[in-house]
Amino acid sequence: MQANPIPGQTVASDFTTALYGFLDKLSPLTVGRLYASPANCLAIFRLLPSTARHIVLNMLWYERKLSIEEVAVWVRERKSDGGVIGEQRHLNAALSSLARLYILTERKKQGSEPMLAMHDEFRINFRRALTGGGTHGSFGRPSDEPHDPKIDVAFLDSYAESQWETILHFMVGSAITQRPSDGVLSLLSRSGLMTGTNRALKITSEGFQFLLQDVNTQLWDLLLQYLDLAVQQEQDVVEVLGFLFMLGSLELGRAYSTEPFSTTQLGVLSDLCDYGLLYRPSPRSTSFYPTRLSTTLTSSAAPLVSASHADEEKGFLIIETNYKVYAYTSNPLQIAVLNLFVSLKSRFPNFVTGQITRDSVRTGLQNGITANQIIAYLTSRAHPQMRKQKGLLPTTVVDQIRLWEREGERVKTSEGYLYDDFSSTSDYELVANYARELGVLLWELPKIRKMFVTMDGHLQIREFIKRRMAAAAAGA
């Protein structure tokens, strides 16, 4: 459905970071309830960084607590690159991600070194997820209803693509025969991807950035807003989140029964059909089918891509130094996205021409799209022929787009956290270097020991400072 992010560039809002942020808000008791399901444990394990997964698999079968030094040996064997500093960075990042999810806790006794213990509920149910057994039914219950042979994988892929692209077409202002449901429109507005009333919604800068992301990240952006809404409506967040995690473990093309679901989960099922994650033959049917959008929610599998537009994943745009744009595509969605900042001139069955002009770029800027987002889109969709040349995009085009933006914009704002009041220069430099390694440092003024980090980086910096303070107190 969407092209991959720019080669070699990390997606700005990786969904695991946002999901960790949501899970951080949950109390230990709530997280413990979440770990009562083997499917939830497996889904969360899949979302962990690779080093953290390595630690979990090694600790899973130990019945005793382990010291940090013992765990460090596993990291050293797996991450031999980068020397001692690199190994320590991998270990700190892995332990931080596991501690935030209460999978590992550090337990200390006076006069002895700190030990790491695994969450008992997580250990028990993750073992069940790997070895099978039990009557929990957390991986879905197959339906006993007669199977309709028309509902096969190809049908489910077509249905999911239609439902999901209806939402994307609406965001870019395409002429569509069917509008998304009111629930979807409300969530698009709530998430800041579109602004205005339901009858006059238009895309925002965040909405255009949303279009640049891969499908899994797009889905989780909306699902996390859905979870926040569920919390505000005082629904059981464990049931809602557990339902989403369960979907990632279901088998594509197989029918599952709705009988084990609670009233809350039946409501979630109905809502997710609007996004193309699930297919239900009728509103009263007691069976449903997961689509590829839901079965890849917690995995690294490739997102759903229409066979008719598969070639576009390699790139389809050619941009010349005279600002002319040639798009080898027949995808209405990609053409609609181009129309947001390109003046389209002519259209053929599988080919569109246009030109980047001052007015067309200003129109995009007025809709909340930034110059960097336009350049990122053109780069990520560049034709393979353009990738053979030294400079991917013509320098004159890139510079001119930025100049047109600067005509009406002089200040760039970023949300984040300010750190100050460091007790010493060495403490400041230690934290600043860690922030630089993570790539979350936005601004610093070493003379007065102040720094500004991104919203996503704040949690990691905070945990790093806590660990340093705890280590200093233990050594005192």
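I began with a definition: on a 1 Å grid over the protein atoms alone, a cavity is a set of points where a 1.4 Å probe fits but cannot get out, a pocket is an open set with protein on both sides within 12 Å along at least five of seven lines, and lining residues have an atom within 4 Å of a point. The model is predicted, so I noted that local features need pLDDT of at least 70, that side-chain atom pairs count only at pLDDT 80 or more, and that totals for chains, interfaces and linings use all residues. I also noted that residues are numbered from 1 along each chain as its sequence is written, and that side-chain values use heavy atoms, with hydrogens and water left out.

**Entry 1: cavities**

I searched the whole structure and found two cavities of 30 Å³ or more. A volume here is the space filled by probe spheres set on the grid points, which are joined across faces, edges and corners. For the second largest cavity I recorded about 50 Å³. Which residues line the second largest cavity? I listed Trp 164, Leu 187, Leu 219, Leu 222, Leu 223, Tyr 226, Tyr 275 and Leu 277. Helix α11 (residues 215–232) gives the most to this lining, with four residues. Helices (H or I, at least four residues) and strands (E, at least two) are DSSP runs, numbered from the N terminus. Ala, Val, Leu, Ile, Met, Phe, Trp, Tyr, Cys and Pro count as nonpolar, Asp, Glu, Lys and Arg as charged, and the others, Gly among them, as polar.

**Entry 2: the second largest pocket**

I noted a volume of about 1100 Å³ for the second largest pocket. Its lining has 35 residues, and Asn 92, Glu 106, Glu 463, Arg 467 and Arg 468 lie nearest the centre. The largest share, 10 residues, comes from α20. By class, the lining of this pocket has 17 nonpolar, five polar and 13 charged residues.

**Entry 3: helix packing**

I looked up helix α3 (residues 38–47) and helix α12 (residues 237–247), which pack at an angle of about 70° with their axes 8 Å apart. Axes are lines fitted to C-alpha atoms, for helices over the stretch in contact, and angles run from 0 to 180 degrees between N-to-C directions. The angle therefore makes α3 roughly perpendicular to α12. Angles under 35 degrees count as roughly parallel, over 145 as roughly antiparallel, 65 to 115 as roughly perpendicular and the rest as oblique. In the contact (heavy atoms within 4.5 Å), α3 supplies Ala 39, Asn 40, Ala 43, Ile 44 and Leu 47, and α12 supplies Gly 242, Phe 245 and Met 246. I classed these as six nonpolar, two polar and no charged residues.

**Entry 4: sheets**

I found three strands in an open sheet, in the order β6-β8-β7, with antiparallel pairing. Two strands pair if DSSP finds at least two bridges between them. β6 (256–257) and β7 (278–279) stand at the edges with a single partner strand each, so one side of each has no neighbour in the sheet. Two bridges join β7 to β8 (residues 287–290), and Leu 278 has Pro 290 in β8 as its bridge partner.

I then recorded four strands in another open sheet, ordered β9-β10-β12-β11 and antiparallel. Its edge strands are β9 (317–319) and β11 (343–348).
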